[in-house]
Amino acid sequence: MQFHHHGYVSGDPRVRPAAGYGLERPTELPDEVDVLIVGSGPAGMIAAAQLAQFPDIRTHVVEQRAGRLEMGQADGIQARSVETFQAFGFAERITAEAYRITEMAFWKPDPENPRNIVRGAVPPDDATGISEFPHLIVNQARVLDYFAEVAATGPARVTPDYGLEVVGLTVADAVTTPAGNAAAGPPPVTVTLRHTTGPHEGTERTVRAGYVIGCDGAHSAVRESIGRKAVGDRANHAWGVMDVLAVTDFPDVRTKCAIQSHDGGSILLIPREGGFLARWYVDLGEVPPDDGGRIRATPLEQVIEQANRIIHPYTLDVKDVPWHSVYEVGHRVTDGFDDVPDHLTGSRTPRVFLTGDACHTHSAKAGQGMNVSMQDGWNIAWKLAHVLTGRAPESLLATYSAERQVVAQNLIDFDREWSRLMATPPEDLPDPTYLEDFYVKTAEFPCGFMTQYQPSMIVADRAHQELATGFPVGKRFKSAPVERVAEGNPAHLGHHARADGRWRIYAFADAPAPGEPSALREWAQWLGTAADSPLLRHTPAGTDPDSVLDVKVIYQQDHFGVEFSDVPDVFVPRVGPFGLIDYEKVYATDPAQDIFEQRGIDRGGAVVVVRPDQYVATVLPLSATDELREFFAGALLPQKAPQDTTNDPTNPEENA
């Protein structure tokens, strides 16, 4: 964590000073906002946390509940989500209170006595080292609390307005400027809200918004208002789910388990945080076509009785049930994730966006709902921030639906297969180890790392992928250990990147030492001084030189082989009102864990560009300055004339 560059900080450095809209933020929801987030679930709160870092954006959240969520229905936190928490600054704190999954036990009928279950394979949760981050279980409400803290302590001071639900919304035709950004005038989205609690309960009011993010769940009023449809079906299979405090002789009650009985169905057992609580997903069997929803009224006692049948010869003595429910497995994806009809895609700016359960629903057993929803919210939030601050054209917003709808469909396909296998009797599977083999073979997907965005204005082609094979273009940037040169401390390269809306440019050096002529030195000179440099072209005047593009270097030498004084100026920018030197952008290779070897980086050097949401945007050789310039010219708007380097801290002539 870096602080003090704007002056001495004596308090909690995670609390950013209020700025812009956050200085005099109204206590009541105003009549006009830039972004209205509907719903304070995982997608809504990560979007709020991201937008809170932009003090000039009027961001507001409305939530129909009367206050914070006390008990969430989601609890599985995949490694990709913990990686995301790291970017928002609370991974360590939430990990400390969570249950950590390190392995999964598979139980099945005893071949000698099928009425009993016996333990089979117990594979590790991450056998291949997909991530350095853990797989956690923690109450969804706590995840929301942490994001709410980030939002409330960000410069814009974003906090939810509780007790308001959406009744409907309409979108007016928006006038755009030639540059592609919204012209001045009334915000084009009119949202009708109804008070659900308090002295104004039942009354309605309207709010005008520039953009709306619909995070309002499976029965989304936002989705209905823009005419989008959830497409899919039910699997005609029901499950009871219960969080229980219980006494049991089942030996793996504190281990994640998939339990298959001979004729009583299956259980997915998830230990919860705190050491005593556990969640039991109990198979209730096929649902008759004429059930009419009656299965959802299954008494809790019947769910407990079914659980005892499945785990025989063990018993479950339930003492307390904080929460339980019965649901039918359904798999649905909305036919579009924004308000632009298919036939108008590319010709009109989207104004309303759907996230989370508002655009994809599935079973809970794959542990993906909250995790995928958070990536939805982050994806659209940084893009809206770019457009509203003039960093990028409005055409950027069309990439949200294009990227996330594919991810949602992949999730549905995976969950449909996992749910089917969990509900299939062991004797009907192709072989006795089929379920655990599927779990191990597909581990990268539930960890959250299979997403790979296709080429667009913010994802280049893979023409130079061979220069950094461990950083696949379109996939998330997989961190690796390095050494920070300034003080020799070990570090994880990707962990330094925060969810601050900045792009990262990682320059991996060629072999020569920093003080010698090299391809890296030529590249750095171009980036810091050339008229066509994207660093100069896309950095707003009067801001820190790394305010949009955060440039870092990784040398092939260890930190003893790098003299800081030999490092090009572009990697040691002057920041803050005092023009202090940022010492945390220069890295060396850890000899014991060579990042060049681990990530397949060419010894001739490479440039890896990473989006604000941690996905690799392009891989280029150090010589490809034209391609780097053209990439950013397509993704970002120019902020000043390329030749104007007056008072620019990256201009060596100004700093001589």
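Residues 451-639 form a span that is 16% helix and 19% strand, with its end C-alpha atoms 32 Å apart; helices (H or I, at least four residues) and strands (E, at least two) are DSSP runs, numbered from the N terminus. An unreviewed UniProt entry annotates residues 451-639 as "domain: Phenol hydroxylase-like C-terminal dimerisation", in the numbering used here, with feature names shortened and annotations that may be inferred rather than shown by experiment. This is a predicted model, in which local features need pLDDT of at least 70 and side-chain atom pairs count only at pLDDT 80 or more, while totals for chains, interfaces and linings use all residues. Residues are numbered from 1 along each chain as its sequence is written, and side-chain values use heavy atoms, leaving out hydrogens and water.

**The sheet**
- Seven strands make an open sheet with mixed pairing, in the order β20-β19-β25-β22-β21-β26-β27, where two strands pair if DSSP finds at least two bridges between them.
- At the edges are β20 (490-492) and β27 (616-620), each of which pairs on one side only.
- Strands β21 (residues 503-508) and β22 (residues 549-554) run parallel and are joined by six bridges, and Y506 stands opposite K552 in β22.

**Residue V616**
- V616 lies in strand β27 and is buried, with a relative accessible area of 0% (buried means under 20%, exposed over 50%, partly exposed in between, with a 1.4 Å probe and protein chains only).
- Not counting residues up to four places away in sequence, V616 touches residues including F471, F477 and V609, where contact means heavy atoms within 4.5 Å.
- V616 and T451 are 165 residues apart in sequence and 11 Å apart in space, C-alpha to C-alpha.
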